[in-house]
Amino acid sequence: MVGVARAESSLEALRARIAAVERSHRSAQGSIPFGIAGLDAHLPAGGLRVGALHEVAGGGPGAVHGAAAALFVAGVLARMEGPVLWCLRQRDLFAPALAGVGLHPERVIYAEAGDEKGVLAVLEDALRYGGLAAAVGELGGLAMTASRRLQLAAEEGGTTAFAVRRWRTPSAAADYGQPTASVSRWRVSALPGTREVVPGLMGRPRWLVEMMRCRGAEACEWELEACDEAGHLALPAELADGSLAQGPGERRAAG
Amino acid sequence: MVTGRVGARKVVVDADRAARALGVIPGLPVAQAQARVPGLLTVEHAPAEDDAALERIALWALRRYSPLVAVDGVDGLWIDASGVAHLFGGEAELLSDLASRLARAGAHARVAMADTQGAAWALARYGLARKVISARGEVTLDVDALPLAALRLDAEVVAGLGKRGLETGGDLERTPRAPLALRFGPALTRRLDQAYGRTAETFDSISAPDRVTVRRAFFEPIGAPETIARKTAELVDQLCRELEARGLGARTLDLISERVDGRREAIRIGTAAPLRDPKRLIRLFRDKLGYIDPGFGIEAMSLAAALAEPLGPTQTVTSLDTSAKRIDVTGLVDILANRLGSDKVYRLAPVDSDVPERCVQRVAPTAPLTGRTWPARWPRPSRLLSPPERVEAMAVLPDQPPAAFTWRGQRRRVRVADGPERVFGEWWRRDAETLAVRDYFSVEDEAGERFWLYRQGDGEIAATGDLNWFLHGLFA
């Protein structure tokens, strides 16, 4: 009997050690849900995983300006708590728009890095610092090694990292197919807005949100209404009252 | 005009620019000057006050610009800017800052920056502009063109050289040295070498009377990066204890390494809030230690708090109410500001202005929170083009959105649009804006891309704008 008890206790110890190793590998727990049942259920963590690297880019012309991608990230940040760092390469980000999706200007610290290497270095420091909720960097290229470093720094600091990918030309966006160490990869493109209440006037903007890659989930895409003033995405009204027609595997994203 | 005595004569010691333009030059007898310019304002020369004023400027420069500052003669200042220019965003920015601040204080100063002390001295006094920067490694070109007087030579030496047809630094450089040294003494070749950077030149920096300094001399010169890092950490520890004893926290820290060859390597770091946490200070220095060139070895290092502010004792017991805890990011701000420059790390705050490009201002990341944000009356694009880009568009006047527009060679048909939102010029800023009007439209093309366009002018009165269309921003 004594022997069995010892074996059991050593097994327990081993389990604890394995758990510790796994925890150190993935220090931060939890996720940021989108608040859309179909989307959150599809993601293995029930949302964007905290303390991990996520990539977001725009589709079509958005690959160059990244306007929707920036707003998508700002919407996620708005639903988090605590200060965030936004590392810029170009000075074209317009802060009132971020405030418009619920990201209060006093939560955002901007850092201007001259080049992509600078952006990566700033991001890594910010992620390791640990006091921030999230750090965003606007990047073109993201090599495997660089993304691995960011992912490790994000795990270490428990800070969520977002790489807003944007390129100089739409054709350079083919780079988005290259593998990186990010946990998830998204593409946000503009769709014609919702049906207008008054003819000729604009309705709510809509996005095609493609989840191109995610650890532990199949690629999928959704047509959603863009962020509201609190950073929430929403199902279009004509889909919300019925059942969600789209599901995983119905339309696979390229890349 | 300043008057003074040389022997028994009263002569002009110095004159301002207006007086000089009227022919009042230093050395002129006062009686003659007054005869030449009626109503000339004279001030008795007070060398002691001049020196005191220069000393004050030097102390100010020591606090603001560099840990190594010295007074040069009666009218000059040396500032060793190596290792500190990054705090101002570059050498040109540092120099502009220095010049504009001196000008605002009413001092007509000429400033120059060069690789060598001799060249900087010469360019400040004999350069073509009031502000000169000699490009890195290009000091020879600049010195070649300078007159001999710029090489800090005695007047009679300059005159003697002039008789031999030598007028510029380049002339002298091309003349055999040995006869020159024989005729004019060793000072001539020394000055020449200093200007061209062939011999090292140092100055004794002034030091502020009240600053906290710790210094450590080594038995053996050190040079290995790990050793430098370790010694720096020891100095930081020691300084932090000193600061704690005085209830101070450092805002600016200077680390000066004295090399065996007499040169000094200085690095400076700044912090956003008073700080005396050794761990965080060492972290800030770690990024910069690579800039120290140990040469043949460093024989002593000193660390000084160039700028220190009161900082109360640290509280270790946190309050019971942790819900209102604000996360402290000053540590990260310091790291980034020392790497990128303090103007590259900021927060954005609202400004009361309807003109989009003016409604955002930068504030320090540690500025007090006001809770203000932008009014959410109208949607704003997430990317703002600066400057706005001209587009070809056709629209029905006065208040219809365009039916189509061409941007960067691509024509887009407008499916739906919102607007106009009228923005008026701010006449209190510029006269040209008194009547100016912009009519903003948000438009969506057939692919769903949304754009922010405006038309200059209200479409009715010609003075309000020329009716050209511009793309100002991109939604999504």
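**Entry 1. A helix against strands**

I began with helix H11 of chain B, residues 225-246, which lies across strands E8, E9 and E11 of chain B. I noted that helix H11 of chain B runs at about 155° to E8(B). I record at the outset that the model is predicted.

**Entry 2. The open sheet**

I next asked in which order the strands of this open sheet of chain B stand. The order is E8-E11-E9-E10, and the 4 strands pair in the antiparallel sense. I then looked up why one side of E8 and of E10 of chain B is left without a neighbour in the sheet. Strand E8 (212-222) and strand E10 (264-275) of chain B stand at the edges and have a single partner strand each, so one side of each has no neighbour there. From one strand to the next, I found an average twist of 15°.

I followed one pairing within this sheet. Strand E9 of chain B, residues 248-259, and E10(B) are antiparallel and share 8 bridges. I located B:Leu253 opposite B:Ile269, which belongs to E10(B).

I checked E14(B) and E19(B), which pair in the antiparallel sense over 5 bridges. In this part of chain B, B:Arg390 stands opposite B:Phe470 of E19(B).

**Entry 3. Two backbone details**

I noted a general point before looking at single residues: most residues other than glycine have a negative phi, and most peptide bonds are trans.

I found a cis peptide bond between B:Ser386 and B:Pro387, with omega at about 0°. B:Pro387 belongs to strand E14 of chain B. I also found that B:Arg152, although not a glycine, has a positive phi of about 60°. Where does B:Arg152 lie? I placed B:Arg152 in the loop between helix H6 (139-144) and helix H7 (155-163) of chain B.

**Entry 4. Chain B as a whole**

I counted the elements of chain B as 13 helices and 19 strands. The domain assignment divides chain B into domain 1 (2-45), domain 2 (51-196), domain 3 (212-310) and domain 4 (383-474). I looked at domain 2 and domain 3 of chain B, whose centres are 29 Å apart, taken over C-alpha atoms. Between them, 10 residues of domain 2 of chain B are in contact with 12 residues of domain 3 of chain B. On the side of domain 2 that touches domain 3, I noted 5 nonpolar, 3 polar and 2 charged residues.

I then compared the extent of chain B with a reference value. The radius of gyration of chain B is 30 Å, whereas a compact globule of 476 residues would have one near 23 Å. Along its principal axes, the C-alpha trace of chain B spans about 90 × 70 × 45 Å.

**Entry 5. Where chain B meets chain A**

How many residues of chain B are in contact with chain A? I recorded 45 residues of chain B in contact with 45 residues of chain A. The elements of chain B that give two or more residues to this side include helix H13 (330-340), strand E12 (345-350), strand E14 (383-394) and strand E16 (410-424). Strand E17 (437-445) and E19 of chain B are also among them. The residues on this side of chain B divide into 28 nonpolar, 7 polar and 10 charged.

I also looked up a pairing that joins the two chains. Strand E5 of chain A, residues 108-112, and E12(B) run antiparallel and are joined by 2 bridges. A:Ala111 stands opposite B:Val345, a residue of E12(B).

**Entry 6. Confidence**

In chain B, confidence is lowest in strand E1 (residues 2-6), with a mean of 63, and highest in strand E19 (residues 469-474), at 92. Over residues 317-325 of chain B, pLDDT stays under 50, and the model has 0 contacts beyond four places in sequence for this stretch.

In chain A, confidence is lowest in helix H8 (residues 237-240), at a mean of 64, and highest in strand E7 (residues 160-165), at 94. Over residues 242-255 of chain A, pLDDT stays under 50, yet the model has 17 contacts beyond four places in sequence for them.

Methods:
Residues are numbered from 1 along each chain as its sequence is written. Chains are lettered from A and ligands numbered from 1 in the order in which they are written. This is a predicted model: local features need pLDDT of at least 70, side-chain atom pairs count only at pLDDT 80 or more; totals for chains, interfaces and linings use all residues. pLDDT is the predictor's confidence in each residue, from 0 to 100. Two residues are in contact if their C-beta atoms, placed from the backbone, lie within 7 Å. Ala, Val, Leu, Ile, Met, Phe, Trp, Tyr, Cys and Pro count as nonpolar, Asp, Glu, Lys and Arg as charged, and the others, Gly among them, as polar. Two strands pair if DSSP finds at least two bridges between them. Domain bounds come from an automatic or database domain assignment. Axes are lines fitted to C-alpha atoms, for helices over the stretch in contact, and angles run from 0 to 180 degrees between N-to-C directions. The radius of gyration is taken over C-alpha atoms; the globule rule is 2.2 Å times the number of residues to the power 0.38.
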